[in-house]
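Here are my notes on the model. Please read them with the structure open.

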Amino acid sequence: MRHRDFTERADFDIRYTEEADFEHLHAWLLKPKMLDAVLFSVEEVTEFLGFWKMLGKHKACLAATLQGVPVAMGLLGLLSYKKLQHQAMVYLFVNPKYQRGRLGSTLLRNLLHHGQEKFFLKGAFVEMVENPGVREFFEKQGFSCFLSHENYAFVRGEYYARWLLEKWF
C-alpha cells in the first residue's frame with residue numbers, strides 16, 4: 001500500500017509550538033486509542049500539557065503544520081540535572097488523521113537535529129507501551145530497544161510490555 005507524503009505539500013511547515021497548538025494536542029490525546037497508548041488518565045493529560053507548555057518556552061517543542069494547523073507535535077523532555085543534560089526523552093504525537101504520511105519521521109528528524117544544535121544532546125530516549133508498529137517506526141529512525149518490561153500495563157483486560165528505546169548521536 002502506498003502512503004501519502006504530506007511533507008511534499010506546499011503548505012507543510014515545521015515551526016516552534018505556539019500556545020494555540022496545545023488545544024490540538026489535547027484533542028488527540030483524549031482519543032481512547034491514544035489514552036491507552038500513553039497510559040494517561042484524562043486528568044493526567046492536562047498535567048502533561050502543562051509540562052509540554054513549560055518546555056515550549058525553552059524552544060524544546062516543534063509542530064508540523066499543514067495550512068498553519070498543527071498535525072504533529074514533538075517534544076524534547078529536557079532534564080534539569082547537569083549530569084543528564086546531554087540526553088532527552090522524546091515525545092511525538094501525530095494527529096490520527098495524518099498518520100502514515102511521513103509527518104512523524106520528518107518531525108522526529110528535525111526535533112533530534114534541533115536538540116543536537118540548540119541543547120547539545122548526545123542521546124534521545126523513547127518510552128512506550130507495547131506497540132509493534134510504533135516500535136518499528138522508531139527503529140527505522142535509528143532507535144534500538146534496550147529494555148523490555150513485560151506485563152507492565154494492564155489495559156482493557158490485557159497485559160502489555162513497556163519498551164525503552166535509545167538513539168545516540
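Which residues make the nonpolar surface patch of about 290 Å²? Point 2 gives the reply.

1. Ground rules. This is a predicted model, in which local features need pLDDT of at least 70, side-chain atom pairs count only at pLDDT 80 or more, and totals for chains, interfaces and linings use all residues. Residues are numbered from 1 along each chain as its sequence is written, and side-chain values use heavy atoms, with hydrogens and water left out.

2. The surface patch. Leu79, Tyr81 and Leu84 make it. Patch members have over 30% relative accessible area and no salt bridge; like charges are joined within 9 Å, and nonpolar side chains (Val, Leu, Ile, Met, Phe, Trp, Tyr) within 5 Å. Areas come from the Shrake-Rupley method with a 1.4 Å probe, and for residues only the protein chains shown count as cover. Tyr81 sits in the loop between β3 (69-78) and β4 (87-94). Helices (H or I, at least four residues) and strands (E, at least two) are DSSP runs, numbered from the N terminus. Tyr81 is exposed at 59% relative accessible area. The cut-offs are under 20% for buried, over 50% for exposed, and partly exposed in between (1.4 Å probe, protein chains only).

3. The largest pocket. Its volume is about 1700 Å³. Of its 45 lining residues, Leu92, Gln99, Asn131, Val134 and Phe138 are the closest to the centre. A pocket here is an open set of points on a 1 Å grid over the protein atoms alone, where a 1.4 Å probe fits, with protein on both sides within 12 Å along at least five of seven lines; lining residues have an atom within 4 Å of a point. Grid points are joined across faces, edges and corners, and the volume is the space filled by probe spheres set on them.

4. What lines that pocket? The lining has 24 nonpolar, eight polar and 13 charged residues. Ala, Val, Leu, Ile, Met, Phe, Trp, Tyr, Cys and Pro count as nonpolar, Asp, Glu, Lys and Arg as charged, and the others, Gly among them, as polar. Elements that each supply at least two lining residues include α2 (32-38), α4 (103-119), β5 (123-129) and α5 (132-140).

5. Salt bridges. The count is eight, taking a side-chain nitrogen of Lys or Arg within 4 Å of a carboxyl oxygen of Asp or Glu. Arg102 pairs with Asp5 at 3.3 Å, N to O. This pair links distant parts of the chain, 97 residues apart: Arg102 is in the loop between β4 and α4, Asp5 in the segment before β1 (12-16). Arg102 is partly exposed at 44%, and Asp5 is partly exposed at 27%.

6. Two further bridges. Asp11 and Arg9 meet at 2.7 Å, N to O. Glu18 and Arg15 have their closest N and O atoms 3.9 Å apart. Shared partners join Arg15, Glu18 and Asp21 into one network. Is Arg15 buried or exposed? Arg15 counts as buried, at 16% relative accessibility. Glu18 is partly exposed at 43%.

7. Backbone check. Most residues other than glycine have a negative phi. Gln67, not a glycine, has a positive phi of about 55 degrees. Gln67 lies in the loop between β2 (61-66) and β3 and is exposed at 64%. Asn151, also not a glycine, has a positive phi of about 55 degrees. Asn151 lies in strand β6 and is exposed at 53%.
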